Amino acid sequence: MSVDLRTHYLGMELANPLVPSASTLSSRTDTLRRLEGAGAAAIVLYSLFEEQIEHEEMQVHGLLEMSAESNPEARSYFPELEDYNTGADAYLRHLEATKAELQIPVIGSLNGISVGGWTKYAKRIQDAGADALELNIYFVAADPDLTSADVEQRYLDLLAAVRESVSIPLAVKVGPYFSSMANMARRLVQAGADGLVLFNRFLQPDLDLDTLKVDPTLHLSTPEELRLPLRWIAILRGRVDASLAATTGIHRAKDALKMLLVGADVTMMASALYRNGPEHLKATLDGVREWLEEHEYESVEQMKGSVSQIACEDPVAFERSNYMHALVNYISPYDWRMVPGSPQA
Ligand SMILES: Cc1cc2nc3c(=O)[nH]c(=O)nc-3n(C[C@H](O)[C@H](O)[C@H](O)COP(=O)(O)O)c2cc1C
């Protein structure tokens with residue numbers, strides 16, 4: 001008997017739990033077709049950024065010139081945005097074309113940090129035919145005057161504004177850096193999120209020692225990085241009334257399986273597809289299917305969340321005791337356990 005790979009995400013029934021996450025892989029129609037052919041159950045389009053929308057609106061109103069004259073920083077900032085060559089209208093046209101081209105659900109993505117006129121694009125994304133919307137809030141709270149409560153309120157206000165303007169399912173993609181992640185997750189759901197996409201991978205700038213310039217080069221992820229979303233999806237499964245999507249560090253079938261076992265409804269991939277090409281999704285899906293068959297699961301729904309924190313045998317393993325255990329049991333040739341005759345050896 002073949003395994004039933006279907007899953008539910010944001011109220012949609014998907015053929016399987018593998019979804020390419022928001023990235024420029026979705027900017028080319030031939031790549032989109034290859035992803036669908038490889039078995040992608042849905043696609044999240046690359047993001048339309050608040051900065052792009054505002055940049056375009058400033059251009060339309062002829063304000064760019066003034067701004068660049070008055071603020072030297074703006075001059076270096078805006079040309080970079082022009083490199084994207086994808087204004088808001090181009091984004092909407094691409095979304096419409098993608099919907100016409102693909103059979104699978106298409107999720108639009110809006111990326112920003114402030115409540116403002118740009119959020120009207122949520123409705124435009126809906127009107128262009130998106131099956132759902134992912135709101136990515138990527139905020140680096142660098143202002144020492146801003147309290148955690150201020151930052152959290154900003155997320156909630158932005159989410160509520162977008163929620164108000166669309167009726168399609170809405171997921172919010174956030175980073176992990178909240179003092180109380182579980183509480184924040186619950187409040188995001190109360191503010192209107194139908195799903196949580198965990199986690200945004202904050203790009204950490206490096207420093208070039210020759211030029212002493214900040215080096216913002218993007219490095220693709222590694223599977224090691226999945227441990228952060230793995231823990232939080234395990235903790236949140238069954239505690240928030242929302243779909244859960246896992247993103248960051250999912251490269252192979254075993255990575256996707258772990259995420260499903262702890263409670264993800266879908267597993268999203270970007271880096272692995274950039275590294276190995278769109279057909280890597282098929283190899284991953286085959287691996288998921290084989291593992292389920294070998295372990296005699298009938299369906300993805302049956303195994304989803306079976307090792308979440310509230311379901312697993314050792315719930316504290318997802319919390320602090322895991323940390324103490326790991327530190328104390330790390331064995332190195334230089335520690336006390338390796339000293340012959342030591343009373344602790
Ligand atoms: C080249 C590239 C472009 C990306 N573009 C977007 C984007 O437009 N919007 C977004 O929300 N995330 C974007 N991401 C982040 C991915 O969706 C994903 O969350 C992140 O890369 C972690 O997943 P991974 O480990 O599978 O790469 C991008 C990632 C990469 C590598």
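Colleague: Arg 252, then. Buried, exposed or partly exposed?

Modeller: Partly exposed, because Arg 252 has 18 C-beta neighbours inside 10 Å. Buried would take 20 or more. Keep in mind that this is a predicted model.

Colleague: Where does Arg 252 sit?

Modeller: In the loop between strand 11, residues 243-247, and helix 10.

Colleague: Which residues is Arg 252 in contact with, leaving aside neighbours within four places in sequence?

Modeller: Pro 223, Thr 284 and Gly 287. There is also a C-alpha pair to note: Arg 252 and Ala 272 are 20 residues apart along the chain, and their C-alpha atoms are separated by 7.9 Å.

Colleague: Thr 284 and Gly 287 are in which helix?

Modeller: Helix 12. There they meet helix 10, together with Val 288 and Trp 291. The helix 10 side is Ala 253, Ala 256 and Leu 257.

Colleague: Other end of the chain. How do helix 1 and helix 5 pack?

Modeller: At about 40°, axes 11 Å apart. That is residues 29-37 against residues 88-101. Helix 1 passes helix 5 in a right-handed crossing.

Colleague: Which residues make the contact?

Modeller: From helix 1, Thr 29, Leu 32 and Arg 33. From helix 5, Ala 97, Thr 98 and Glu 101. By class, the contact of helix 1 with helix 5 has two nonpolar, two polar and two charged residues.

Colleague: Now the ligand. Which residues come nearest?

Modeller: Ser 21, Ala 22, Ser 221, Ala 270 and Ser 271, out of 23 residues around the ligand.

Colleague: Which element gives the most to that shell?

Modeller: Helix 11, with three residues. Helix 11 spans 271-276. Strand 4 (43-49) and strand 5 (106-111) each supply at least two residues.

Colleague: How many of the shell residues are charged?

Modeller: Two. Another 12 are polar and nine are nonpolar.

Key:
Residues are numbered from 1 along each chain as its sequence is written. This is a predicted model: local features need pLDDT of at least 70, side-chain atom pairs count only at pLDDT 80 or more; totals for chains, interfaces and linings use all residues. A residue is near a molecule or strand if its C-beta atom, placed from the backbone, lies within 6 Å of it. Helices (H or I, at least four residues) and strands (E, at least two) are DSSP runs, numbered from the N terminus. Ala, Val, Leu, Ile, Met, Phe, Trp, Tyr, Cys and Pro count as nonpolar, Asp, Glu, Lys and Arg as charged, and the others, Gly among them, as polar. Axes are lines fitted to C-alpha atoms, for helices over the stretch in contact, and angles run from 0 to 180 degrees between N-to-C directions. A crossing is left-handed if the near helix is turned anticlockwise from the far one by less than a right angle, and right-handed if clockwise. Two residues are in contact if their C-beta atoms, placed from the backbone, lie within 7 Å. A residue is buried if 20 or more other C-beta atoms lie within 10 Å of its own, exposed if 12 or fewer, and partly exposed in between; C-beta atoms are placed from the backbone.
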